[in-house]
Amino acid sequence: MTQDVKETFGSPGGSLAAKVRTLAPSMTRSMHRVAEAVANDPAGCAALTVTGLAELTGTSEATVVRTARLLGYPGYRDLRLALAGLAAQQQSGRAPAITTDIAVDDPIADVVTKLAYEEQQTLADTAAGLDTVQLGAAVTALTGARRTDVYGIGASGLVAQDLTQKLLRIGLIAHAHGDPHLAVTNAVQLRPGDVAIAITHSGSTGDVIEPLRVAFEHGATTVAITGRPDAPVTQYADHVLTTSTSRESELRPAAMSSRTSQLLVVDCLFVGVAQRTYETAAPALAASYEALAHRHRTSPR
């Protein structure tokens with residue numbers, strides 16, 4: 001899916017671009033062509049009738065309408081109005097003229113600019129697409145959990161560790177499992193009142209899905225943090241938190257941008273839990289800060 005949709009953070013069009021990126025993997029090929037045309041040229045598509053857009057993309061009028069509805073609009077007319085608004089915003093000069101493709105010979109200043117824009121867009125897309133009802137339910141489950149197990153492999157494993165260390169610092173029992181065998185053997189011990197969280201951008205990582213399945217079948221509350229809302233991992237998730245889907249390039253593996261969006265979701269979970277448990281979380285955080293400060297004061301130089 002193209003990343004050349006140029007919008008400002010938090011702009012009205014940001015939500016549309018986020019939906020296009022997030023839902024692209026679940027679209028048929030013909031629907032994907034329609035969505036890509038909308039993302040590439042909102043002004044041009046806004047000027048087309050449903051028949052015109054169908055002809056442009058080599059699809060049918062029914063496909064155009066289905067795509068509009070998948071993106072959250074009652075019909076093509078509503079999508080067309082949204083595209084017109086986005087096009088007007090872009091023409092006003094509010095949108096940054098920047099793409100995120102990084103070339104081998106790009107000056108380092110350009111690399112910084114492009115990466116900063118990509119990170120901003122990734123966060124904006126994730127925030128726009130995050131289901132706050134599902135997020136709130138996951139926070140409630142974490143707040144009352146006897147124990148929380150988090151599963152992640154590779155870059156997602158680093159995010160799993162980040163979440164568990166945050167929860168530990170406010171006095172909760174949490175474990176990160178990067179070894180698939182240990183993950184499954186620990187998942188067997190979970191029961192109702194426990195929480196299991198799977199972090200996988202693709203949503204199809206078997207080493208993450210299997211322990212979540214075991215935890216689900218043993219009655220634990222399960223949460224999936226994934227970039228694919230219809231991925232296999234979601235069939236074993238009580239709550240699904242969707243992250244932004246970003247285009248992979250030769251010099252920027254998908255793991256880099258997916259980790260950014262995953263960390264945003266993790267921070268939202270942690271802050272939500274800390275708010276609910278403030279009376280115990282605040283003293284626990286203060287104690288951990290003091291312990292670390294004491295260690296630095298007493299460590300040999």
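Reply: Start with Leu263. Setting aside neighbours within four places in sequence, Leu263 is in contact with Val159 and Asp162. Keep in mind that this is a predicted model. Leu263 lies in helix α12. The cut-offs behind that are under 20% for buried and over 50% for exposed. Now look along the chain. Leu123 is 140 residues away from Leu263 in sequence, yet their C-alpha atoms are separated by 9.5 Å.

Leu123 comes up again with another residue. Thr260 is also found in helix α12. Thr260 touches Glu119, Thr122 and Leu123, not counting residues up to four places away in sequence. Its relative accessible area is 16%, so Thr260 is buried.

Helix α12 also leads inside the protein. The largest nonpolar core has 27 residues, and Leu142, Val195, Ile197, Ile199, Ile225, Leu241 and Leu269 touch the most other members. Which elements give two or more residues to this core? They are α8, α9 (155–169), β3, β4 and α12 (254–276). Take Ile197 as an example. Beyond four places in sequence, Ile197 touches Leu142, Thr148, Asp149, Val150, Tyr151, Leu163, Leu212, Val223 and Ile225. There is also a second, separate core of 20 residues, and Met27, Val34, Ala54 and Leu71 are among its members.

Next, the sheet. Strands of a sheet pair through backbone hydrogen bonds, and they can do so parallel or antiparallel. In what order do the five strands of the open sheet lie? The order is β2-β1-β3-β4-β5, and the pairing is parallel. Strands β2 (174–177) and β5 (239–242) are the edges, and each pairs on one side only. Ignoring direction, neighbouring strands are turned by 15 degrees against each other on average. Look at one pair in detail. Strand β1 (residues 148–151) runs parallel to β2, and four bridges join them. Val150, for instance, has Ala176 in β2 as its bridge partner.

Helix α8 (residues 132–143) touches β1, β3 (195–199), β4 (221–226) and β5. The direction of α8 makes about 125 degrees with that of β5. Helix α11 packs on the sheet too, touching β1, β3 and β4. Its direction makes about 160 degrees with that of β3.

Helix α11 also has a helix partner. The axes of α10 (residues 180–187) and α11 (residues 206–217) come within 8 Å and cross at roughly 10 degrees. Angles under 35 degrees count as roughly parallel. That is why α10 is roughly parallel to α11. From α10, Pro180, Ala183, Val184 and Ala187 make the contact. From α11, Asp207, Glu210, Pro211, Val214 and Ala215 take part. What kinds of residue are these? Seven are nonpolar, none are polar and two are charged.

The axes of α2 (residues 29–40) and α5 (residues 61–70) come within 9 Å and cross at roughly 70 degrees. The range 65 to 115 degrees counts as roughly perpendicular. The two helices, α2 and α5, are therefore roughly perpendicular to each other. Ser30, Met31, Val34 and Ala35 of α2 meet Thr63, Val64, Arg66, Thr67 and Leu70 of α5. Five of the contact residues are nonpolar, three are polar and one is charged.

Pick out Ser30 from this pair. Ser30 is found in helix α2. Leaving aside neighbours within four places in sequence, Ser30 is in contact with Thr59 and Thr63. Thr57 lies 27 residues from Ser30 along the chain, and their C-alpha atoms are separated by 7.8 Å.

Finally, step back to the whole chain. The protein has 13 helices and five strands. Of its 301 residues, 46% are buried. Consider contacts between residues at least 6 apart in sequence: 71% of them join residues at least 24 apart.

Technical notes: Residues numbered from 1 in each chain as written. Predicted model: local features only at pLDDT ≥ 70, side-chain atom pairs only at ≥ 80, totals over all residues. Heavy atoms only, no water. Axes fitted to C-alpha atoms, helices over the stretch in contact; angles between N-to-C directions. Parallel < 35°, antiparallel > 145°, perpendicular 65-115°, else oblique. Contact = heavy atoms within 4.5 Å. Nonpolar A, V, L, I, M, F, W, Y, C, P; charged D, E, K, R; others polar. Pairing = 2+ DSSP bridges. Core = buried A, V, L, I, M, F, W, Y, C linked by side-chain atoms within 4.5 Å. Buried < 20%, exposed > 50% of the residue type's maximum accessible area, 1.4 Å probe, protein only.
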